[in-house]
Amino acid sequence: IAEHFSMALGAWSVFLHDKQFGLDHPGTFVSNLFDQSLQPNLCPINPVVQNYLLGHIRELINLGFKHICFESIGFPGFRHNEHHERYFVNSSLTTEFLLSICFCNYCTALFARHGINSSQIKRNIRVKVLQALKDTDPWLECNLSELFLKDEFGDEFTQLLDVRVSGITELIASITNLLKAANVSSRFLDGSPISNRISDRPFEDLWQSGFDILKLSQSFDYVEPLLYRFTTEENIKVF
């Protein structure tokens with residue numbers, strides 16, 4: 001019908017937020033420092049997940065969509081899990097970020113290829129996070145940033161974060177190659193306003209999901225923030 005009326009159709013997919021795929025393919029969910037499976041979030045470094053993502057894009061292209069909107073193609077925030085959990089615990093953004101980092105077999109293998117001892121980093125983080133969960137969170141008044149994490153956990157940990165970004169950047173390159181070959185336009189949905197509902201510049205937090213804002217702007221036709229704020233005035237500030 002769309003072709004008959006010369007209408008171009010667009011698709012919007014929440015790619016790696018897929019519980020059924022993870023249940024059908026064990027080991028594909030994000031696995032955090034406590035080896036907790038963060039369902040339904042799939043690990044974007046896992047090659048099975050990457051093949052699924054690229055195959056899904058090919059399917060959308062073959063169906064004739066001329067525009068694809070991309071949501072959930074990186075690492076998710078800790079609260080963006082199965083039921084968008086509310087823990088009723090006064091935890092810091094730092095604690096929640098540390099709980100979200102994936103240490104699955106494929107992520108640890110990626111870290112190892114860059115000479116990073118992720119097992120030791122994982123143990124160090126676990127000790128501090130357990131203290132934060134058992135007692136008062138020491139990071140409640142701290143601003144979460146890469147520099148702050150470097151001061152807390154050392155250079156090797158920030159190298160680990162950089163490697164996560166490089167892994168996602170490679171995946172995005174594969175995505176854009178498919179889109180360009182099919183002459184399909186694209187839109188990246190930036191979920192950082194959800195993870196940090198205080199900041200007026202949440203896109204500066206994209207590194208937490210493994211994204212480089214410059215690479216995103218070079219790879220997708222549009223980068224659109226998901227504006228989740230309590231008032232119109234707050235949304236306008238973010239926009």
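Which residues are exposed on the other side of helix 2? They are N51 and N62.

**Figure 1. Helix 2 and its buried face.** Helix 2 runs over residues 47–62 and has 16 residues. From first C-alpha to last, helix 2 reaches 22 Å, close to the 22 Å expected at 1.5 Å a residue. Its buried residues are V49, L53, L54, H56, I57, L60 and I61. They cover an arc of only 150 degrees around the axis, so they sit on the same side of helix 2. N51 and N62 are exposed on the other side. The cover over the buried residues includes strand 1 (10–14), helix 1 (19–24) and strand 3 (37–42). Strand 4 (67–71) and helix 7 (155–182) are also among the covering elements.

**Figure 2. The two ends of helix 2.** At the start of the helix, N46 points a side-chain oxygen at the backbone nitrogen of V48, to within 2.8 Å. Just after the helix comes G64, with a positive phi of about 100 degrees.

**Figure 3. I57 in the largest nonpolar core.** This core has 59 residues. I57, I73, L98, L149, F157 and I175 have the most contacts inside it. Helix 7 gives the most to this core, with ten residues. Nonpolar side chains tend to be buried together in soluble globular proteins. I57 is one of the buried residues of helix 2. Beyond its neighbours within four places in sequence, I57 is in contact with F15, I68, F70, I175, L178 and L179. I175, one of these partners, is also listed with I57 among the residues with the most contacts in the core.

**Figure 4. Helix 3, an enclosed helix.** Helix 3 spans residues 93–100. Seven of its eight residues are buried, so helix 3 is largely enclosed by the rest of the structure. The buried set is T94, T95, E96, F97, L98, L99 and S100. L98 is also one of the residues with the most contacts in the largest nonpolar core. Strand 2 (29–31) and strand 3 are among the elements that cover the buried residues of helix 3. Helix 5, helix 6 and helix 7 also belong to that cover.

**Figure 5. E96, a buried residue of helix 3.** E96 lies in helix 3. Its relative accessible area is 13%, under the 20% limit, so E96 counts as buried. The E96 side chain makes a polar contact with the side chain of S91, at 2.9 Å. Leaving out residues up to four places away in sequence, E96 touches F78, R79 and S91.

**Figure 6. Helix 4 and its two faces.** Helix 4 covers residues 105–113, with C107, L110 and F111 buried. Seen down the helix axis, these fall within an arc of 100 degrees, so they line one face of helix 4. The face turned away from the buried side carries the exposed residues N105 and R113. Helix 5 (118–134) and helix 7 are among the elements covering the buried residues. G115 follows helix 4, and its phi is positive, near 75 degrees.

**Figure 7. L147 in helix 6.** L147 lies in helix 6, residues 146–153. With 59% relative accessibility, over the 50% limit, L147 counts as exposed. Its C-alpha is 8.3 Å from that of T158, eleven residues apart along the chain.

Figure 8. Q39 and P40 are joined by a cis peptide bond, with omega about 5 degrees. P40 is in strand 3. S72 is in the loop between strand 4 and helix 3. Its phi is positive, near 65 degrees, although S72 is not a glycine. N183 is in the loop between helix 7 and strand 5 (185–190). N183 is another non-glycine residue with positive phi, about 55 degrees. N183 is exposed, with a relative accessible area of 68%.

**Figure 9. Confidence along the predicted chain.** Mean pLDDT is 91 for the chain, and 96% of its residues reach 70 or more. Confidence is highest in helix 2, at 98. Confidence is lowest in helix 8 (residues 192–195), at a mean of 78. Where pLDDT is low, the predicted coordinates should not be read in detail.

Definitions and conventions:
Residues are numbered from 1 along each chain as its sequence is written. This is a predicted model: local features need pLDDT of at least 70, side-chain atom pairs count only at pLDDT 80 or more; totals for chains, interfaces and linings use all residues. Side-chain values use heavy atoms; hydrogens and water are left out. Helices (H or I, at least four residues) and strands (E, at least two) are DSSP runs, numbered from the N terminus. Buried means under 20% relative accessible area, exposed over 50%, partly exposed in between (1.4 Å probe, protein chains only). The expected span of a helix is 1.5 Å times one less than its number of residues. The arc is that of the directions from the helix axis to the C-beta atoms. Contact means heavy atoms within 4.5 Å. A polar contact is a pair of N or O atoms within 3.5 Å; within protein, one must be able to donate a hydrogen and the other to accept it, and residues adjacent in sequence count only if both atoms are side-chain atoms. A nonpolar core is a set of buried Ala, Val, Leu, Ile, Met, Phe, Trp, Tyr and Cys residues joined through side-chain atoms within 4.5 Å. pLDDT is the predictor's confidence in each residue, from 0 to 100.
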